[in-house]
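Subject: Structure handover

Hi there,

Here is the structure I promised to send over. Have a look at it first, and then read on for what turned up.

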Amino acid sequence: MLPCVDAGTATPEVLDVLSVERDRIAAKMAELEHALAQLDRVIDFARHPDHCSPRTPGATPSWAGDHNDS
């Protein structure tokens, strides 16, 4: 256990570390949610290829969604 949990208090430094870790986890979760949504679109396309519109050369497939790495 963290000493702050046992003692019932936390220093500002510990709170900063915990906040940074929470932000890191939240960002990773958002990244994974985006990957999950893309995978769902690929699975849907694989199950229902007749719903796919013809692809224009160089265009992003509809199942890929918006590709934004930001």
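Let me begin with Val 14, which is partly exposed at a relative accessible area of 30%. For that term, buried means under 20% relative accessible area, exposed means over 50%, and partly exposed lies in between, with a 1.4 Å probe and protein chains only. Val 14 sits in helix 2.

Before going further, a word on the basis: this is a predicted model, in which local features need pLDDT of at least 70 and side-chain atom pairs count only at pLDDT 80 or more, while totals for chains, interfaces and linings use all residues. Residues are numbered from 1 along each chain as its sequence is written, and side-chain values use heavy atoms, with hydrogens and water left out.

Now the overall picture. The protein has two helices and zero strands; these are DSSP runs (H or I of at least four residues for helices, E of at least two for strands), numbered from the N terminus. Of its 70 residues, 3% count as buried.

How many salt bridges does the structure hold? There are two, where a salt bridge is a side-chain nitrogen of Lys or Arg within 4 Å of a carboxyl oxygen of Asp or Glu.

- Glu 21 pairs with Arg 24, with the closest N and O atoms 2.6 Å apart. They are three residues apart in helix 2 (residues 12-47), so about one helical turn separates them. Glu 21 is partly exposed at 35% relative accessibility, and Arg 24 is partly exposed at 48%.
- Glu 31 pairs with Lys 28, with the closest N and O atoms 3.5 Å apart. Here too, the two are three residues apart in helix 2, so about one helical turn lies between them. Glu 31 is partly exposed at 48%, and Lys 28 is partly exposed at 40%.

Best wishes
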